[in-house]
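Dear colleague,

Please find the structure below, handed over for your use. My notes on its side chains follow.

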Amino acid sequence: MQTKLKRDLYINGVWQKAEKYRLLTSPYSDEGIAEIPVASEKEIEMAIEAAYRAREKMAAMPAYERADILEKVVQLLKERQEEAARIIANEAAKPITAAREEVKRTIHTYKFAAEAAKRIYGETLPLDAAPGGQNRTAYTVKKPIGIIGAITPFNFPMNLVAHKVGPAIATGNTVVLKPASQTPLSSYFLADLFHEAGLPAGALNIITGSGKTVGDQLVGDQRIAAITFTGSPSVGIGIRNKAGLKRVTLELGSNSAVVIDQGVPIKKAVSRCVKGAFSFQGQVCISLQRIYVHEKIYEEFVEEFVKETEKLKVGNPLDEETDVSALISKRDVNRTLGWLKEAEEQGAEIRFGGKTKGNALLPTVVLNAKSFLKVSCEEVFAPIVVINKIASMEEAAREVNHSKYGLQAGVYTENIHTALKMADNLHVGGVLINDIPTFRVDHMPYGGVKESGTGREGIKYAMEEMLELKLVIFNQD
Ligand code: NAP
């Protein structure tokens, strides 16, 4: 098939022809979009070596210069916002309105990184607090860790890359980035921006290819000091098991829940919950998957929820009216249909949706699903939400915590005592009171417990994971 676009590997500041290419297709239309390099072992090695050679230059670069480069990327991205959004919409089938939101957030993420590059502090230490520590001056400095291996998922191909590349450059590290195979174009577009912004050769290298091949080589290479991974729990756990002494940040999946107490304004909560459940077809790590509603308002909540869900438009991601488009792969369409079948067979009710339209699954509302069903206990990563009845907030907390995941959870309540108790008792990385778990802005600490991962992102927090603390002591005796 003839395609217009062909991208090359980005290694050592130049576009490098690859030995092998493959066709990238649209998840929505199945049409060819571009030819993408499949990096060989030798080409991956070239990328790692380039990052290794550039590390001293990056470590020596003054903070204001690193900040200037990131600020330039902010400006360039602002100028090319619409082009960036169309790239995301095409390669990920993300509805164009959501893709524009992602680009806006990416601009802020790089802006936060530019600002944070100037605020890397150590501290002075009172060594004389310990006997024998007198007459010494001690302070800490924070040094770049070296080369960062960054591995990213398909669902936020621009902003989640920014959450790794932004802090890595802000801290004076170098990067080898491996984006998801379905969404490499956003990353290659980013390379254009950093190139134009004057990033030194070798500071950012982008290679595409099989997740396992590239991943294993990055994780296994002694020159790479840290791996920052966002993706599925099974791949993340595999990386952790192979990483040895490397620092590893894992931002993994979830089956996020919200609890709706009696007495809350139902329409307001429903409108947020519909957004949380179906934005980008539910393919968001903090997508709302489980809703626990107090029995006193359950029927009314469900009616209102279905009414709002019916209004969603399913279609072409480039159509301005589209709310829900194709899932990322046909395999995911079949997987989710199988999970829905299991739910029905086990007594759950599919109150709305449950069917496909092309490569899209219609927004689907499941009632009374038992907690052991896959639509409840696994990460669905699709436009499927489960709504169950609870008799008390204690029961709701037990249900939310009855999960192998723990990324974020939401609680709608008018009762401050209930809110404080739930905030205390929910075993997750973040609790949102009177909001859905799907809320995120890009400077807040973000990450999970249990199989949702280890470490935190949100520029300042990601930077800590990319810095080494060094202690200096002057003996004045
Ligand atoms: P994925 O299948 O785990 O892929 C993520 C990345 O890992 C891709 O670049 C993939 O490459 C690569 N990969 C695959 N196998 C690998 C291996 N053996 N070693 C190293 N890397 C490997 O995840 P996805 O389907 O793209 O993304 C969805 C998942 O990401 C969901 O679970 C979601 O919850 C999670 N997520 C978490 C967060 C968060 O911040 N917590 C944010 C967004 C998404 P290929 O594409 O080439 O296979």
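Which residues do ring pairs link into a cluster? They are Tyr10, Trp15 and Tyr188. Rings of Phe, Tyr and Trp (its six-membered ring) pair if their centres lie within 6.5 Å; planes under 30 degrees apart count as stacked, over 60 as edge-to-face and the rest as tilted.

The model is predicted, so local features need pLDDT of at least 70 and side-chain atom pairs pLDDT 80 or more, while totals for chains, interfaces and linings use all residues. Residues are numbered from 1 along each chain as its sequence is written, and side-chain values use heavy atoms, leaving out hydrogens and water.

Searching the whole structure gives eight aromatic pairs. One of them joins Phe301 and Phe305, which is stacked because the ring centres are 6.0 Å apart and the planes lie at 25°. Both residues belong to helix H10 (residues 298–310), four residues apart, about one turn of the helix; helices are DSSP runs of H or I of at least four residues, and strands are runs of E of at least two, numbered from the N terminus. Phe301 is buried at 0% relative accessible area, where buried means under 20%, exposed over 50% and partly exposed in between (1.4 Å probe, protein chains only). Phe305 is likewise buried, at 0%.

The charged end of Lys6 sits over the ring of Tyr21, 4.1 Å from its centre, and Lys94 lies over the face of Phe280, 4.5 Å from the ring centre. The criterion is NZ of Lys or CZ of Arg within 6 Å of the ring centre and within 35 degrees of the ring normal.

Yours sincerely
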